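I opened my notebook today to look up a few things in a protein model.

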2 protein chains.
Amino acid sequence: MSDPFVVVGADAAGLSAASKFRREALDREVVVFEKGRWISYAYCGMPYFIEGRVERMSNLLSLSPTEVDDRGIDLRRGREVVGVDPDEKRVAVETPDGDAFEQPYGDLLVATGGRASTGPFDVRGIDGAFTLHDMDAAAAIDAYIAEPDAYDPDRADVSAVDRERVERNAAMSAPETAAIVGGGYVGVEMAEALSGRGLDVHLFHRSGHLLSDFGEAVGERVEEALTGEGVTVHTGTPVEALVADDRIEAIRFADGDADGEDAETLPVDLAVVGVGIRPNTELLDGTGVELGEGGAVLTDEHGRTSLPDVYAAGDCATAFHAVTGEPAWMPLGLTANRAGRAIGATVAGDPSPVGDIAGTAVVKAFEMEAGRVGLVEDAAARAAGFDPVRETVTAGSRSGYYPGAAPTDVTLVADRDTGRLIGGSIAGPDRAAIRIDTLATALEADMTVPEVERLDLAYAPPFSPVWDPILVAAKVLNGTLEEEE
Amino acid sequence: MSDPFVVVGADAAGLSAASKFRREALDREVVVFEKGRWISYAYCGMPYFIEGRVERMSNLLSLSPTEVDDRGIDLRRGREVVGVDPDEKRVAVETPDGDAFEQPYGDLLVATGGRASTGPFDVRGIDGAFTLHDMDAAAAIDAYIAEPDAYDPDRADVSAVDRERVERNAAMSAPETAAIVGGGYVGVEMAEALSGRGLDVHLFHRSGHLLSDFGEAVGERVEEALTGEGVTVHTGTPVEALVADDRIEAIRFADGDADGEDAETLPVDLAVVGVGIRPNTELLDGTGVELGEGGAVLTDEHGRTSLPDVYAAGDCATAFHAVTGEPAWMPLGLTANRAGRAIGATVAGDPSPVGDIAGTAVVKAFEMEAGRVGLVEDAAARAAGFDPVRETVTAGSRSGYYPGAAPTDVTLVADRDTGRLIGGSIAGPDRAAIRIDTLATALEADMTVPEVERLDLAYAPPFSPVWDPILVAAKVLNGTLEEEE
């Protein structure tokens, strides 16, 4: 088989696959098509660039096109794959000039990622209204926030950047009040970022607590942290409309009264809308490929789709959930990198599982850190066939007498019948987030709560009390489970 | 059975057992004998008290005698159990006045702890020479370090303290140069503590690297950290003698020359000797009880000794090792608390396993943090029947572009034949220590290195790079294991 390994999308999953394949299969070509000009950037770093913690956009670069070249990968930017013919094993490609051609493949990886969803809100054509869709948006937001005479064009020091858009935004008067629509983790990170840039920030979230899938205990701690730093948090508050002429003027939102009919208006001069993410799967339309949760491409344990020799990975694909054993869609960075790397090895002849996902996620809001893993919300647990029991404890992060000890909230969720740990969350200002890895590992090992309670976790006064907060939570939840027996 | 549950030793294991038993078995008496006056203190906090991070000795108090009383526990201080008659089921008790009596038991828990070993060095009768044996020693060291006119007697604000000893030490001129004999974790913590008090500190360690059972990679990072803060570290340097008249005058040590005959002398005015710990088991002499590693009392999964109705827990007892499945002796705080609690439940009629130990330990040296778990050193792995393969990687603690990212060393050790993870260590200045819990959890779940490599660990720029340092290490070690196949 001499047809190349064709990869669609030059980001985490695509380039991980191409790089691994290149190292393992020296005699076969690998071609990567990327519709845009950006490759391999750390999208998760965008809020920190906007905040100013990251000085230059180029700091977010993982791999340059030259470095990809040097790896022996045939990278073709500005080439959009618009269709797949699985019978003939070829893809249809278009260029920005309107040219089109076909490319045969031996194996195909669809790593087209996802895009920010703006829900019912259309930010296009409105100055000062953005969705944190890509690096060009990050550069534009950063430029828009700056005072026109204070903007440093070297901030966006990457050749791929949409320079015209940056300059146009830099020229506008600096905003003072910002609305963020959507209190997921990007919304929370953006609240910190915009606040750090001196803006008066309002964060709107439809549900009752921020970070919906982190659970209520975390949502409340994070809301406290944001409020404590001057962010105005509007939970349980659906945004109804963006009010704009050419430039954003206000946000209209439900006022929270029982009748639900009145609406309030908040004048703003910056709006960032991010209510979710959607998988990019249009190129597979008409192929009959099976789709799963959220419309993502369904894949097996090796990242194979239902089409022969076609793989999918990253934000456009499902993966198996460590707790439910079912395909799930959780667009996160490690998932993409890991699946890409495994598929690269598999296509090169070394079948490698892409690995389960546990939905492990961590986020910070100023000094407050939070993490979640598995099935945290009751609804998710019930939907997966579990009967969830939960306990939330607050315990010290270090020995009480050691400076820096801080209250740490741990929530553990177990299945009532089996006592199996199915999810957990954590929040606290003192190194709380990274502790979620302990729960992620316990989940992947299918541990029961009694097993978690007996884990030999580290103890030393500067790092943990004798009974780590996770052990305290396990002890309490185990007590609850025993009482019910 | 109306005879009481008798507990010997009122520290972590003993009081955890008595408290748990009291809550579960309301109709049966529990009597706790403690030979001294101190109960339930956080011995692990002693270096931080001496350093001055902990302001008052009373901050290290977990439970006061009154609180123990209030729990309905019959606590008898100043009562030393000197013998056990397992046939008659009674213990022989002595008071400081020389009185003696016998106490029948229904069940007996030996929770007599351990004591600091000074090896060949006798510090008794030498002013300025100490072993960090107990709280009285900590109070004395603290007082000895202070300038006589600057010592605050409220530092040792606990009635149990040996006030006369404190005052005598406070009256001596303040030391300027300190030698610490033994570079285990207490030695490292004391080096930081004494340095923090302004002393010129020399740390002597017989083996080639500090923290022997943390492995070489950690030992070297910790040595660098200590050296960087002005501590003089003498590794591979056996101390030969303490030179003293009434007061410590110098340390004599091997000079490191090949002939091994010459010795050097370092004038010091403070010496802290701590070369290990030994289990206190004398009260069981003559009973025929089976002993295990290090002379600790051998126990089964419920903490039972080989004598009927006699349990042992804490620093005087073995427990099962999570990796080897064999009894092991690792005197650590959580082990004691957990075993005590389980035995309290078991004796009360609810059989509860004491849990495995993984040898999880964490320590800091100024800003450097370190952790270890399982079988880290090749010799230990081989002794347990494994064929160890190891890799050490250095990876970032956060995304490279996020401020605060710091090099983190992870060592993973696997069994060559099975690929099973058998041990690991970690060192780095940015929240490295607590990450050892991930490895402790993986060890207890008997994970293989490929399974560790596929763990869904947390990623967000402020907390971890996409590939967590643990995942990087697993990836590299897995590569090594595959190459050898």
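Which side chain meets that of Arg431(A) in a salt bridge? I looked it up and found Glu369(B), at 3.1 Å from N to O. I noted the rule too: a salt bridge is a side-chain nitrogen of Lys or Arg within 4 Å of a carboxyl oxygen of Asp or Glu.

**Ground rules.** I am working with a predicted model, where local features need pLDDT of at least 70, side-chain atom pairs count only at pLDDT 80 or more, and totals for chains, interfaces and linings use all residues. Residues are numbered from 1 along each chain as its sequence is written, chains are lettered from A and ligands numbered from 1 in the order in which they are written, and side-chain values use heavy atoms, with hydrogens and water left out.

**Entry 1: where the chains meet.** I found 57 residues of chain A in contact with 57 residues of chain B; contact means heavy atoms within 4.5 Å. The area buried between the two chains is about 5,100 Å², and carbon and sulfur atoms give 67% of it. Buried area is the accessible area (1.4 Å probe) that two parts lose on being put together, summed over both. I also noted four salt bridges across the interface of chain A and chain B.

Which elements give two or more residues to the side of chain A that touches chain B? I wrote down helix H8 (333-347), strand E21 (361-365), H10 and helix H12 (469-484) of chain A. H10(A) gives the largest share, seven residues. Helices (H or I, at least four residues) and strands (E, at least two) are DSSP runs, numbered from the N terminus.

**Entry 2: salt bridges within a chain.** My search of the whole structure gave 46 salt bridges over all chains. In one of them, Asp430(A) pairs with Arg398(A), with the closest N and O atoms 2.7 Å apart. This pair links distant parts of the chain, 32 residues apart: Asp430(A) sits in the loop between strand E25 (421-428) and helix H10 (436-444) of chain A, and Arg398(A) in the loop between strands E23 (388-396) and E24 (407-415) of chain A. Both Asp430(A) and Arg398(A) are buried.

Asp409(B) and Arg221(B) are both buried.

Asp430(B) forms a salt bridge with Arg431(B), the closest N and O atoms being 3.4 Å apart. Why do I call Asp430(B) buried? Its relative accessible area is 8%, and buried means under 20%, exposed over 50%, and partly exposed in between (1.4 Å probe, protein chains only). Arg431(B) counts as buried too, at 11% relative accessibility.

**Entry 3: a covered helix.** How many residues of helix H4 (residues 135-145) of chain B are buried? I noted eleven of its eleven, among them Met135(B), Asp142(B) and Tyr144(B). The buried residues of H4(B) pack against several elements of chain B, including helix H2 (46-51), helix H6 (185-196) and strand E14 (248-254).
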